[in-house]
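These are my notebook entries on one chain. I record what I looked up and in what order.

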Amino acid sequence: NRYILLAALAFAAVVTIYIVKTNLEPPKTEEVAATRDANSRIPDDGDGQGADAMDETAQREQFMHQIEHIQDILKKDSMNFDAWSALGNLYFDANMPQDAIVHYRKALVLKPDDIHVLTDMATMLRAAGRPDTAVTVLNHVILLDSTLSQAWFNLGVIQSFDLKNQKEALFAWKKFLSLSPPSEHTEAVQKEIERLEKELGS
């Protein structure tokens with residue numbers, strides 16, 4: 001779970017696993033793809049623990065190796081959008097929001113309207129203590145693609161838990177529900193909507 005949201009406990013259990021990177025498409029550059037694949041292959045010592053069995057030093061070494069590999073790619077091709085966004089994703093996963101933001105912005109220089117990178121950057125802006133800027137970015141994402149349910153969900157989270165704008169949160173979460181198939185996530189959001197409506201007397 002990447003970011004703990006300040007939600008009611010019943011809601012938080014689901015929310016914390018849902019505000020995640022939306023850029024799930026594999027990068028087009030083969031070398032960058034290989035780096036991401038390596039990140040997903042965690043050595044298994046046979047006890048089923050996988051990543052849990054890796055000590056912090058090994059994880060740090062793996063992280064630095066991935067960073068260096070992508071930086072080598074960028075030395076050859078500084079206009080490689082996939083590489084810049086992959087660096088942002090690595091820093092996202094490492095809970096290093098400022099570094100993630102820097103590299104997402106470099107990716108956005110090449111593709112200013114990439115909704116997935118923008119949405120990921122908004123999550124990092126929130127993590128960096130800049131919820132107002134995150135809202136601005138998410139509103140831009142929604143202007144680009146009003147059907148991106150993740151943007152509506154994240155917007156509701158920030159409006160409710162960070163900015164305390166409950167009416168705006170309700171609007172965003174209702175849009176999220178209208179765009180999303182039934183799941184444990186939508187059930188949790190529906191319960192939170194009902195709680196907020198009671199709180200607001202609507």
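**Entry 1: the start of a helix**

At the start of H10, to within what distance of the backbone nitrogen of His 185 does a side-chain oxygen of Ser 183 reach? I looked this up in the model, which is predicted. The oxygen of Ser 183 comes to within 3.2 Å of that nitrogen.

I then checked the length of the helix. H10 covers residues 184-200, and at 1.5 Å a residue its 17 residues should span 24 Å. The C-alpha atoms at its ends are 24 Å apart, which agrees.

Next I asked which residues of H10 are buried. I found His 185, Thr 186, Ala 188, Val 189, Glu 192, Ile 193 and Leu 196. They cover an arc of only 155 degrees around the axis, and therefore lie on the same side of H10. I noted the general rule beside this: an α-helix has 3.6 residues a turn, so residues three or four places apart point the same way. On the face turned away from the buried side I found the exposed residues Glu 187, Lys 191 and Lys 198. After H10 comes Gly 201, with a positive phi near 70 degrees.

**Entry 2: the whole chain**

I turned to the chain as a whole. Its secondary structure comes to 10 helices and 0 strands. Of its 202 residues, 47% are buried. I also looked at contacts between residues at least 6 apart in sequence, and 52% of these join residues at least 24 apart. The chain exposes about 10,800 Å², of which carbon and sulfur atoms supply 52%.

**Entry 3: confidence**

How far does the confidence of the prediction reach 70 or more? The mean pLDDT of the chain is 80, and 73% of the residues reach 70 or more. One is residues 1-10, with 27 contacts beyond four places in sequence. Another is residues 16-45, with 73 such contacts. I wrote a caution next to them: where pLDDT is low, the predicted coordinates should not be read in detail.

In helix H5 (residues 97-110) I looked up Val 102. Val 102 counts as partly exposed because its relative accessibility is 39%. Its C-alpha is 9.8 Å from that of Tyr 91, a residue 11 places away in sequence.

Is His 103, also looked up here, buried or exposed? His 103 counts as buried, at 11% relative accessibility. Leaving out residues up to four places away in sequence, I found that His 103 touches Trp 84, Leu 87, Gly 88 and Tyr 91.

In helix H8 (residues 149-162) I looked up Gln 150. Gln 150 is buried, with a relative accessible area of 10%. Its side chain makes a polar contact of 2.8 Å with the side chain of Asn 154.

Most residues other than glycine have a negative phi. With a relative accessible area of 48%, Asn 95 is partly exposed. Lys 164 is exposed, with a relative accessible area of 56%.

Terms used
Residues numbered from 1 in each chain as written. Heavy atoms only, no water. Helix = DSSP H or I, 4+ residues; strand = E, 2+ residues; numbered from the N terminus. Expected span 1.5 Å × (residues − 1). Buried < 20%, exposed > 50% of the residue type's maximum accessible area, 1.4 Å probe, protein only. Arc of directions from axis to C-beta. Polar contact = N/O pair within 3.5 Å; in protein donor to acceptor, adjacent residues only side chain to side chain. Contact = heavy atoms within 4.5 Å. Areas by Shrake-Rupley, 256 points an atom, 1.4 Å probe, with all protein chains shown as cover. pLDDT = per-residue confidence, 0-100.
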